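User: I'd like to go through this model with you, starting at the ligand. Can you keep it short and give me the cut-offs as we go?

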Amino acid sequence: MDKYIINGGNYLNGSIKISGAKNAAVAILPAVLLCDETCRIENIPCISDVNLIINILKSIGSSIKVINKNTLEINCKNVGSYTLSSAQTSGMRASSYFIGALLGRFNRARVAPPGGCDFGVRPIDQHIKGFEALGARVIYDNAMVDAKATELVGSSIYLDKVSVGATINIMLAAVKAKGLTIIENAAKEPHVVDLATFLNSMGADIMGAGTNVIKIRGVDYLHSSTYSIIPDQIEAGTYMAAVAAAGGNVVIENVIPKHLESIISKLTEAGVTIEEYEESVRVVSDKKLVATNLLTMPHPGFPTDMQPQMTTLLALADGVSIVNEGVWDNRFRYINQLILMGADITVDGKTAIVKGVKHFNSAPVCATDLRAGAALVIAALATEGVSEISNIHYIERGYEDIIEKLKNVGADIKRIYVPDPNKVDIAL
Ligand code: UD1
C-alpha cells in the first residue's frame, strides 16, 4: 500500500552507481544448486525478486551466510527436495529456473508454474522442449510441472522463439548432462552470458554464450567459485532515461557501456548527449527531446524492458514517435497511467503512436508492473508538482535503493507508509 511521493521538475545532477543485474542474479543464484561446495556471490542486487529466490533456496535446505547486503556465501550440499509449491514460485517469473537447476541436480523437478509481470501469455513450451530433448519426461501433474529423467543426455535443441528463459533453463539442465548439448537460436542477452561465465568459473564447459549457438559439454562435477554479478543494464538505462526526461547532467557509474549500445543510440536520436567512458556514461539533457521510432527486439536489439521508460520520454519529445513492441503481446498497460498525466498516446495492438506534449501534469498514478512503475517515476520526475505513485512493490522488485539514488542527484522523492484499509491497526 506504500507510495512514492515525487515533487517533480528538478534537474538531476551528480552520479548514480548501478547495482548488480537482477536478471543475472535470479539465474546465478539457482545455479548454485548444481554445486555441493560453497560459492561466494558478490554484487547481488538487494531487491525483492532476489529475496524471493533466496527464500526458495533456504526453504529446500541451502545454507546462506550474509557477508553484506550484496554478498552471500551459499552452500547447497544439504538440499534434499526437488519440489516447490506455488506459494514459493508464484511471485516471480524466474522461479522457473529452479526447474532446470533441480533437474540438473536430481534428474527430477516438481515445480509449480512461475508468476511474474503480466505482459500477456508467457508460455514455457521452449523450456520444456529443451528438457525433453535432454531425455526428461515432462508432465503437468496437479498444477505442477513434473520433469523426470533417468539420466540427462546432451542433445541439439533449436529454439522456435528466441527466449532468455528457455536458453538459461536448458543451460542449467545441460551443464552436468552426459555429452554435448547445442542450443541453436539461443538468446544473447548479457545475463545469459553472465550465467555461462559463472558456470564456467565452477568448472563447466560452455562455449558460444552471447552468440546464437551455445555449446555445452557436460561435466561431472562443479566446484566452488567466487563470482561478481554484472551491472544491471536496465537499471542503468532507466536512470539514463530519467535524466533525459527531467533534464540534468549525471554520471551513471559501474556500467558496461557495450551492454547499453542500443539504449545509448536511441537516447542520442532523441536529442540526449551521452559520453561513454570505460565503466561509466555521462548523460546530459536540456529536456529538448525529439521524436524517434522504436522497435523492441531480443539482444542486441532495443530491450523490451526499457520500452516503458523510453516511451515515457518520447511522450515529452517534439513530434510523433511510433513505438513497436516486438517481444511481448501486451506491454502497454501502463499507457493509461501516462494518459492520466496528460500524455497523448494511442495504442493499436503492439504499436503505440506517441504524440509528444510540452509537459505532463502531476497526478496520482498506479504502477502496473516493474518497468511500468519505473516509467511512472520518470514521468513524475519530469513533471512540475506533486505526483503520487502507488503499487510500488512492483518497482522494488527490481531497483535497489531507488529513493536514495534519486535523492542523491537532486530529486525530491520520498516513500510514505499507507496503512492497508483491510487491516485494522490495533494500538496496544
Ligand atoms: C526475460 C526477462 C524479462 C524480459 C524478457 C525479454 C528475466 C528474469 N526476465 O523474460 O524481463 O522482458 O526476458 O527480454 O530475465 N516464449 C515462448 N515460449 C517459451 C518462452 C518464451 O513463446 O517457452 C516467448 C514469450 O512469450 C515472449 C518471447 O518468447 O514473447 C520472449 O520471452 P523470454 O525471452 O523467454 O522472456 P523471459 O525469459 O520470460
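User: How far is an oxygen atom of the ligand from an N or O atom in the side chain of D305?

Analyst: First, the ground rules: this is a predicted model, where local features need pLDDT of at least 70 and side-chain atom pairs count only at pLDDT 80 or more, while totals for chains, interfaces and linings use all residues. Residues are numbered from 1 along each chain as its sequence is written, and side-chain values use heavy atoms, with hydrogens and water left out. A polar contact is a pair of N or O atoms within 3.5 Å. R93 has a side-chain N or O atom 3.1 Å from a ligand oxygen, and a polar side-chain atom of N23 sits 3.3 Å from one. For D305, the distance is 2.5 Å.

User: What share of the ligand's exposed area does the protein bury?

Analyst: Areas here are Shrake-Rupley values with a 1.4 Å probe. On its own the ligand exposes 740 Å². Of that, the protein buries 90%.

User: Which element gives the most residues to the shell around the ligand?

Analyst: A residue is near the ligand if one of its heavy atoms lies within 4 Å of it; there are 22 residues around the ligand, and Q126, S163, V164, D305 and V327 come nearest. Helices are DSSP runs (H or I, at least four residues), and strands are E runs of at least two, numbered from the N terminus. Helix 1 (22-31), helix 5 (125-133) and helix 6 (164-174) each give two or more residues. The top contributor, with 3 residues, is helix 5.

User: Which residue has a positive phi although it is not a glycine?

Analyst: Most residues other than glycine have a negative phi, and most peptide bonds are trans. The residue you want sits in the loop between strand 8 (137-141) and strand 9 (144-148). With a phi of about 60°, that's A143.

User: And where is the peptide bond that is cis, with omega near 10°?

Analyst: Look in the loop between strand 18 (294-295) and helix 10 (307-314), where P300 is found. The cis bond runs from H299 to P300.

Technical notes:
Polar contact = N/O pair within 3.5 Å; in protein donor to acceptor, adjacent residues only side chain to side chain.
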